[in-house]
Amino acid sequence: MSMTLSKYSKLLAAGGTWCTVLTDTGTGTADSLEAADVRPGHIRDELLAAGAASADARAVEEAVKPLEGVPSPVARFVIAHDGHVEVDEVMTGERVDSPYVNVGVIPDLLPLLRHSTADMPFVAVSVDRTGADITLAHAARPLGAGGTSTYTTQGITENLKKVPTGGWSQGQFQHRTEEVWRKNAEEVAAEIDRLVEAERPAVVAIGGDIRARELVFDQLSDASRAVAAQVESHTRAGGADPEVMHAAVERLLAEVEARSQYQLLDKLAEEKGHNRGRAAFGLGEVVHALQQAQVQTLVLSNELTRDLGADNTAAGPGSRSAHNMLVLAASPWVALEKSEALGAQVLGQAPAASALIRAAVLTDADVELVPITAIPGRANAAALLRWNTGPAVPRER
């Protein structure tokens, strides 16, 4: 799914030297405690060897110490600058990438983006006519594992069942029972709406008593209903198999991801057939569009965004990509050649993916990672644009 990184825009605009680290941080088992204890010092030494300021290296060392009481697997993504930790994200579940340590002229958001793309938040709900168990979790960590948050609502239980007594009183009793069900469902729906607004989950899976889940679904906000689905699972019932809900959530998440990518790539393919349509393909066209703040969604191939830590350390930041770009201190933020800087200070060079992501964030664009085989023409990068393309673009290197 497209990911918006706008909260980092102020951070990315600043100059200087930046330390970016992705590492394990859980205490894990007794066998791994020693490794966890020495890891922060190793990261500090690697940063210093790569030219990081001692204050930055010490700040990172403190930040990546093992998290007590947090079950493994869990990772930490840290960005430090001028002796301060500017970003400290705890990421539950298996690391998507190998450990990564980098010192560069810009913060590198790619490891965070790769993990977040594979770790979509979701809400799983098991509802009956008294209330619900509502769990907020992430795709990288199974339901029931550590790192999830569960909320329980308990509604009115009086007059919960309809009893056929006959006569005028039966109608009154049944009406009262329906009203109890409705009010209980209203409380559940309100809690789901709160989580959807705060956490932006990709999916809300609602299982449980058929009538109760229908009542809850009907009272959801439009935003919640747009990502909600009813599933045949009732983990509040005794003896219910939680794996049914697990499987339903996995299926729904896969469907959401597939639908999102299909819509994006279908739109790219459609625009590719138009002369000067609202799409750009290849590094040259994409850079040109970013320089004009024209990009709505930046699309990067797995060839540009592969596992950063697999063949790269702080001491060899240029080894991971055949493409490097100039990063600028002001608009247009990124350039292939110095002549494109338009008077902005050149901060230095950075790998293409990191430079493009930075420019996307600074121009309020979303970012999507896809296989290169899915991009029309097998381009390394593409973009959906806010308006039609203009004059000829710089020649791609």
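The following questions and answers concern a predicted model of a single protein chain.

Biologist: What does the secondary structure of the chain come to, and what share of its residues is buried?

Modeller: The chain contains 10 helices and 16 strands. Among contacts between residues at least 6 apart in sequence, 69% join residues at least 24 apart. The accessible surface comes to about 17,900 Å², with 50% of it belonging to carbon and sulfur atoms. Of the 397 residues, the buried share is 50%.

Biologist: Why is strand β1 described as largely enclosed, and how many of its residues are buried?

Modeller: Strand β1 covers residues 18–24. It counts as largely enclosed by the rest of the structure because the buried residues number 6 of the 7.

Biologist: Which residue stands opposite leucine 22, and which stands opposite threonine 20?

Modeller: Strand β1 is joined to β4 (residues 100–104) by 5 bridges, and the two run antiparallel. It also pairs with β2 (residues 74–81) in the antiparallel sense, over 6 bridges. In β4, the residue opposite leucine 22 is tyrosine 100. In β2, the residue opposite threonine 20 is isoleucine 79.

Biologist: What is the strand order of the open sheet of 4 strands, and which strands stand at its edges?

Modeller: The sheet has mixed pairing and the order β10-β16-β11-β15. Each edge strand has a single partner strand, so one side of it is left without a neighbour in the sheet. Neighbouring strands are turned by 20° against each other on average, direction ignored. The edge strands are β10 and β15.

Biologist: In which sense do β11 and β15 pair, parallel or antiparallel?

Modeller: Strand β15 has 4 of its 5 residues buried, so it is largely enclosed by the rest of the structure. Serine 301 stands opposite valine 370 in β15. The pairing of β11 with β15 extends over 5 bridges, and its sense is parallel.

Biologist: What distance separates the C-alpha atoms of phenylalanine 281 and alanine 382?

Modeller: Strands β10 and β16 run antiparallel and are joined by 3 bridges. Phenylalanine 281 stands opposite alanine 382 in β16, and Ala382 is also among the residues in contact with phenylalanine 281. The two residues are 101 residues apart along the chain, yet the separation of their C-alpha atoms is 4.3 Å.

Biologist: How many residues of helix α9 are buried, and against which elements do they pack?

Modeller: Helix α9 spans residues 282–291 and is mostly covered, with 9 of its 10 residues buried. Val286, Val287 and Leu290 are among these buried residues. They pack against β10, β11, β12, β13, α10 and β16.

Biologist: What is the relative orientation of α9 and α10, and which residues make the contact?

Modeller: The axes of the two helices come within 10 Å and cross at roughly 30°. Angles under 35 degrees count as roughly parallel, so α9 is roughly parallel to α10. The crossing of α9 and α10 is left-handed. The contact is made by Leu283, Val286, Val287 and Leu290 of α9 with Leu356, Ala359 and Ala360 of α10.

Biologist: Why do residues three or four places apart in an α-helix point the same way?

Modeller: The reason lies in the helical repeat. Residues three or four places apart point the same way because an α-helix has 3.6 residues a turn.

How values were computed. Residues numbered from 1 in each chain as written. Predicted model: local features only at pLDDT ≥ 70, side-chain atom pairs only at ≥ 80, totals over all residues. Heavy atoms only, no water. Buried < 20%, exposed > 50% of the residue type's maximum accessible area, 1.4 Å probe, protein only. Contact = heavy atoms within 4.5 Å. Areas by Shrake-Rupley, 256 points an atom, 1.4 Å probe, with all protein chains shown as cover. Pairing = 2+ DSSP bridges. Axes fitted to C-alpha atoms, helices over the stretch in contact; angles between N-to-C directions. Parallel < 35°, antiparallel > 145°, perpendicular 65-115°, else oblique. Left-handed = near helix turned anticlockwise from the far one by under 90°.
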